[in-house]
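Dear colleague,

Please find the structure below.

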Number of protein chains: 2
Amino acid sequence: MTDQSDGESREPGSPQRPDHRLERVERAKGRLPGDTRVKIVRSSEFRRRKGYVMATEGALAPHTPIGRITDRLRGVLFGRRLRTEDEAEERVSRITGLAIFASDNISSSAYATEETMRTLVLAGASGLALTMPITIAILMVLGIVVTSYLQVIRAYPKGGGGYIVAKENLGTLAGLIAAAALLIDYFLTVSVSVAGGLLALTTAFPELDPLRVQLGVGFIAVIAIANLRGIREAGVVFAGPTYLYAAAVLGVLAIGFYRVLIGDTPAPVAPPKVLEGGEALGAFLILRAFASGSVGLTGTEAVADGITAFRKPEARNGGIVLVSMAALFATLFFGISFLATHLGIQVDATETKSVLGLLAQTVVGNGAYFYVLQAATAVILILAANTSFSGFPRLASILASHRFLPRQFAQRGDRLAFSFGIIALAVIAALLLVAFKASVSGLIPLYTIGVFIAFTLSQAGLVRHWARKRERGWRVRAALNGLGAAVTGVVTIVVAVTKFALGAWMVLAILPVIVLLMWQVHEHYRRVEDELTISPTTRVSLGQRRARIIAPISRIDRSALEALSLATGLVGDVSAVHISFDEEGASAFKERWARLGTGVPLEVIVSPFRAITLPLLRYLDAIDDGDPARPVIVVIAEFVPHHWWDTLLHNQTAFRLKLALFSRRNTAVVNVPHHLEDVEEFQ
Amino acid sequence: MTDQSDGESREPGSPQRPDHRLERVERAKGRLPGDTRVKIVRSSEFRRRKGYVMATEGALAPHTPIGRITDRLRGVLFGRRLRTEDEAEERVSRITGLAIFASDNISSSAYATEETMRTLVLAGASGLALTMPITIAILMVLGIVVTSYLQVIRAYPKGGGGYIVAKENLGTLAGLIAAAALLIDYFLTVSVSVAGGLLALTTAFPELDPLRVQLGVGFIAVIAIANLRGIREAGVVFAGPTYLYAAAVLGVLAIGFYRVLIGDTPAPVAPPKVLEGGEALGAFLILRAFASGSVGLTGTEAVADGITAFRKPEARNGGIVLVSMAALFATLFFGISFLATHLGIQVDATETKSVLGLLAQTVVGNGAYFYVLQAATAVILILAANTSFSGFPRLASILASHRFLPRQFAQRGDRLAFSFGIIALAVIAALLLVAFKASVSGLIPLYTIGVFIAFTLSQAGLVRHWARKRERGWRVRAALNGLGAAVTGVVTIVVAVTKFALGAWMVLAILPVIVLLMWQVHEHYRRVEDELTISPTTRVSLGQRRARIIAPISRIDRSALEALSLATGLVGDVSAVHISFDEEGASAFKERWARLGTGVPLEVIVSPFRAITLPLLRYLDAIDDGDPARPVIVVIAEFVPHHWWDTLLHNQTAFRLKLALFSRRNTAVVNVPHHLEDVEEFQ
């Protein structure tokens, strides 16, 4: 696209305005007589290009002082507007992408080991011996999940993750179930992460506890605003804490391993109260421990959903990020589980000291390092929410482009972010946080079930995918995904059963509702399409029946005359209608009308019950009864006062009439506004 | 008005519809070609009369089930609609009028004696000796006030009371001050009366105290609904308690006098704790006692304000009611003061027993009679509010007809009541009640100052009135009103000074604000009139410049074609505008448009920042710059879904555009709605 200078496009010797910046565009319509030229004379707002007009940023500049202040504030808060063509520049690098998409997954390393141990210890200290086997099992499932998502990314580089795999391979219903499960999980991830971070914060500063909900909503707002500025800026803001946390934990692990290797094995710091149980170490308990630890698998979906956020080649960059993320998480999770069990860290019954915290205290003591780690942990727990802010709006935009969600979700905002999705996520997550009073234990049972439903469906979808394609080695791949589907399916069932009464039932109850809603949205859009669409090859000739034009006149004044003047300028049969409350008023109006000499026929309706809108509507109905197919145009004079509050001083009859006419078939309404301010300026 | 039968007005042999109930009205426009006949074919909704069409009650019948239910409920709550011509039948007789307009004044007999005694006793028991002289002084002022209001009623039989007298004789500002003072006092009367009644109720049933505010709002709602049914019905509902109270007190007084006369003087029942003070009996204390007792003068204004509520002859009937009311009040007040002082009733320091209650207990004992009186007192205290519901809406309607209040105040509702005023009074009084937590002691200092300002101004106005007219005996009348003005003026000052810090300052602060607001409302209406009014003898010839017609088209579908079709049917130069977010979209749209073959020229605007409304508005501005005087008609296709919630699924671009265009000069908007439901029914 070349940028034409104003001078080139200006028609020399424009007779009306000598301003050299004027641009003049003329064309004849050739169909109707009269002055048919359309001129564009503001080059600061528009530039004429070959075949179209380009609106510059100047066309968006506000014209009022309040508008300018709002615009300035908007700019400070969200940054300057971005062009659609700048979208590529707004994408994220692998380093930033890792920070954005990994924060959810990486943050779960802070509690995945503990969740596993907390379940196993119910079978006594001996149960903890299973911590490492279960850790390894979870990492194997992670391997399967990551492998399949790598394939998903390659197969569907436009994003959509579990939804698109399930939809393409298992049908739309399966796709919608996966999508609904993921949507719920994205909401919950935000609420749970923020609640978890708040718990870490209020453990350190108990005096903040009464402000918990407000702080949580504040955090959500900050993350939402950062994301409204665009994913790239959000990445820059949030990358630091993610890498700080990873580096801090890796440091603890390195020092721990080193001390173990050199034989300086430290004595474990004991928790305030050791948790121990007396249950039997049965298969169900082991499954529960596995399910609890599997929380560490959440967040792997986000890369596949948000693949379009990466620079080109998206699939390759996204794949590298996904593998790096998994490798980093695996290192942290394995290291923490290994060292914790090797050093004999115990689980705190009071839930005030985390296993990671005790491990760090054991390895590096109670100094500055420990506090940095604790702070980084609190921050990354909150930042896990940021992953949802990348995944959710992108999944929602794909669903919207498939017409399963309102189309607003597919629109990019001023900063090219999917603003509607970001705001919707923030609002619903904040409401969840308020409803559950920012309680982690209240929210956590609702969590993870959604993501495992999506895992299971996408693995199953991939089995079908391989079976269809029958590429080389498809049996191995299908078997691997089949195993993955079976394992994640089992985890789904275990999670659903063990957490059902604690709140998972809510998720299972709301999931079909969301699926149904998405289906109905789709049906609605489909019906509208069926109704509105015309074939691309259609040629139309415009023309219609002569309209009946009705001008309701409440009294004879300038505003009414303007409306009448416009009405008589339309093609159709014009008549005026006046509503009077009594017969004296009716005959007085008729007399006045006759004196006016407009030539427009008048009908006066006497409304003894002082109603205006209803008799007028019924009058139109009565006219329609005589010739239902004939279009009706109602011309309404409207009074526009200078100040909005002045509207309180005027009857809202015109407004009510318009509202009523809006839902009337075969009826167009013409508003002829009269501006009072004209007087003040021109008199 | 005679009722033509359908058969008479039917044109025989109507070719299209053989239904004998059809009425057919035809006329030719003679100016434009085409089918210009307007037929009205629904005789159940309209009847053709000579020269106009009469809308029957059938034209107001709702067409939807929800509408019918709402209408039925409305009917049960407020009664059936009344015709304007039935207004005379809705007026009240003297008996009902006395109950309505006297309840405020009569109810003050329940506490006027006590208020006087409570002040006097601050100078010790000896101070109480002044009770009777002050009672007589107050009754003399009452006599002057009533006499002057009788003259006001005769001079201004269309109502308006103190406002109209002050305005006509002392100028508009004085009138507005009187009006503002009365408006404030009407609000306060409602709040104070209801709070007072609630106090009596909660003294009897302390367990209702926590519900005080809710009960108060409920009482206000009941009184408002009764008044919305029309003053006549409100009178019927509320007459009983008023007369019951008066009869009960008169009975006590009669028995008391009888027992005093036959020498059976009863020993006074002592209050829980006798109130006594040690102040000096100075002039200021006496004035304060006078001012406190003068609360009994409130409510005399209402008859003069509401004179149009009476049957003809209004002035005579109103005058008789005013005199009867004053006589009844005087009897009660004088009797209570006399018996209370004669029997030695003392004032209760705990404020749980009233002087009237103690007097009744002394005279008739603690039996059923006493409890009936107490109940009647509680009810009439609340019903005093009803007087305001008669006075306020009528004063407001007069102010509105003088263009000092929004014109809604002057409109009669379905039941011919001034519904807007009734609702406004109820809402503001309820807010006052909530703000002051239904506390009598919080509200009472604000009370009475307004009515005394109005008294003073109307008395002064009458002095001027007599001085102008110089009728026979004008000097006596002027002197009498001059004395009245002086006395009520002194009372005003005493009330203002003694109650200033307690809350009267609020009334004095808000009064000029209300005056200013009324003045500004007037200025606004006057400006609008200046702008809009055309001389009654003007003859106009309609016609205007050829309009520029712009049809924004977001995509090519049926809805857009309907809008285009209508646009090309208008007289003017039509062009379509499409906004595209990128150049590819722009050229694709141009191609599609060309294939369509409408012949309508198209302008495509590329909006790289994805804004729609602003570039479109700027485009119109740019067109205007070329020819500012040429009218612009914007034709907008709108999609009307079957269910309102479906609008959530569609971009509100059309709505936002309409909103923005509404405030644009020289621009008419044509809405071409497309109804989705058409598909479901006709496919």
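**A nonpolar surface patch**

In chain A, the residues A:Ile423, A:Val427, A:Ile428 and A:Leu431 make up a nonpolar patch on the surface, and together they have about 350 Å² of accessible area (Shrake-Rupley method, 1.4 Å probe, with only the protein chains shown counting as cover for residues). Patch members have over 30% relative accessible area and no salt bridge, and nonpolar side chains (Val, Leu, Ile, Met, Phe, Trp, Tyr) are joined within 5 Å, like charges within 9 Å. A salt bridge is a side-chain nitrogen of Lys or Arg within 4 Å of a carboxyl oxygen of Asp or Glu. A:Ile423 counts as partly exposed because its relative accessibility is 45% (buried is under 20%, exposed over 50%, partly exposed in between; 1.4 Å probe, protein chains only).

**How the model was treated**

This is a predicted model, in which local features need pLDDT of at least 70 and side-chain atom pairs pLDDT 80 or more, while totals for chains, interfaces and linings use all residues. Residues are numbered from 1 along each chain as its sequence is written, chains are lettered from A and ligands numbered from 1 in the order written, and side-chain values use heavy atoms, without hydrogens and water.

**Charges over rings**

B:Arg403 lies over the face of B:Tyr525, 5.3 Å from the ring centre. The charged end of B:Arg477 is placed over the ring of B:Trp466, at 5.2 Å from its centre. Such a charge is NZ of Lys or CZ of Arg within 6 Å of the ring centre and within 35 degrees of the ring normal.

Both B:Phe452 and B:Phe455 are buried.

Yours sincerely
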